[in-house]
Amino acid sequence: MNERAVLVVLLVLLASQLTIVAAQVPSREGGQSQLEAAVLQVVAPAARLVLSTDRGLQDLRAGWRGRAVLEARLQQAEEQNRFLESELLRLRQVEERLQRASAALSYQPPTEGRLQLADVLYIDHGSMLRGLVLWAPAGDLRPNQAVLTDDGLVGRIVLVSGDYAKVQLITDQASAIGAMVQRSRRQGLVEGTAEGRLELAYIQLQSEIRIGDRVVTSGVDGVYPRGLEIGSVAKVQSESDLFHHIVVAPAVDLTTLDHVYILESSGVPEAIKESLPDGSAPAGAAAVGSAPAAPSSTPEGGAG
């Protein structure tokens, strides 16, 4: 054996002896040997590190489980929110129907007559002949019945087929309505135009017309009863030597109609119509779909 090997063996034996001696020598605090104390100082931090790592992993796993629970609850809450939104929309529609029904019950027509609720199935704003189609299964539909909403006049029935009826809108170019300015009681004729507007004709220049004056049916055309709201004066011009040129803003927004009321009134009896000097009906009750004839003299003469 060479000297290097002998030296290694001696060192190993010396280290073993020192270990045995250290294991037998008690520490200053007593209760354990110095070797145990040294081993504890080395092992304890490692044990604490392992313990803290395990706790961290446990907390991480708990966090992932909690996140999964929160995501599931969030998804459930979103589904409930969508359901509540759909229920809210349905309840709003029910509320609108109840409001329409209550409005029909509380609405007082200006003349004797009964209101019947009808559904709007089709409406035409594009062509020159502006009209709508409605469905009223519970009513006795007849031509020339007035059609209105809570806000005012919509038009009149011009054609009936079973439970369906075609309505001529007041903005139709062929429409003409006996009307008056409510403030001054001056009477004229509200006519539709090709552009879908309303114009009040045959009001003399001597009559004072103000922006915002209410325009209502006069009841002298034999179709519409007196006092139905038509609209309000939006523009006044003097373009001739005799009459004002008056633009009327409709009281009803005809682009939002989904339900209307049919005024079931008797109107002018046929016997009275036939007894007129020329044997014809009043202007407003002329042939269905045609405009009433313009008066031969201004309507203001007898209106006062």
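Modeller: A residue is buried under 20% relative accessible area, exposed over 50%, and partly exposed in between, with a 1.4 Å probe and protein chains only. The model is predicted, so local features need pLDDT of at least 70 and side-chain atom pairs pLDDT 80 or more, while totals for chains, interfaces and linings use all residues. Residues are numbered from 1 along each chain as its sequence is written, and side-chain values use heavy atoms, without hydrogens and water.

Biologist: What makes the rings of Tyr202 and Phe243 an edge-to-face pair?

Modeller: Rings of Phe, Tyr and Trp (its six-membered ring) pair if their centres lie within 6.5 Å; planes under 30 degrees apart are stacked, over 60 edge-to-face, and the rest tilted. Here the centres are 5.7 Å apart and the planes stand at 85 degrees, so the pair is edge-to-face. By this rule the count is one aromatic pair. The pair links distant parts of the chain, 41 residues apart: Tyr202 is in the loop between S8 and S9, and Phe243 in the loop between S10 and S11.

Biologist: How do you know that S7 and S8 pair?

Modeller: Strands are DSSP runs of E, at least two residues, numbered from the N terminus like helices (H or I, at least four). Two strands pair if DSSP finds at least two bridges between them. S7 (residues 187–192) and S8 (residues 198–201) have four bridges, in the antiparallel sense. Leu198 in S8 is the bridge partner of Gly192, and Leu189 stands opposite Ala201. Five residues lie between the strands of this hairpin, where Gly196 takes a positive phi near 80 degrees.

Biologist: Which strand pairs with S8 over three bridges?

Modeller: S11 does, in the antiparallel sense; there Val247 is the bridge partner of Glu199. Both pairings of S8 belong to a closed barrel of six strands, S6-S7-S8-S11-S10-S9, with antiparallel pairing.

Biologist: Why is Glu199 called buried?

Modeller: Its relative accessible area is 19%, under the 20% limit, so Glu199 is buried. Glu199 and Ala201 point one way from S8, Leu198 and Leu200 the other way, and all are buried.

Biologist: What makes a polar contact with the side chain of Glu199?

Modeller: The side chain of His245 does, at 3.2 Å. A polar contact is a pair of N or O atoms within 3.5 Å; within protein, one must be able to donate a hydrogen and the other to accept it, and residues adjacent in sequence count only through side-chain atoms on both sides. The side chain of Arg197 also joins that of Glu199 in a polar contact, at 3.5 Å.

Biologist: Which residues have the most contacts inside the largest nonpolar core?

Modeller: Leu153, Ile177, Val190, Leu200, Val215, Ile230 and Ile246, in a core of 23 residues. Such a core is a set of buried Ala, Val, Leu, Ile, Met, Phe, Trp, Tyr and Cys residues joined through side-chain atoms within 4.5 Å. S6 gives its largest share, three residues. A second, separate core has 17 residues, including Ala118 and Val260.
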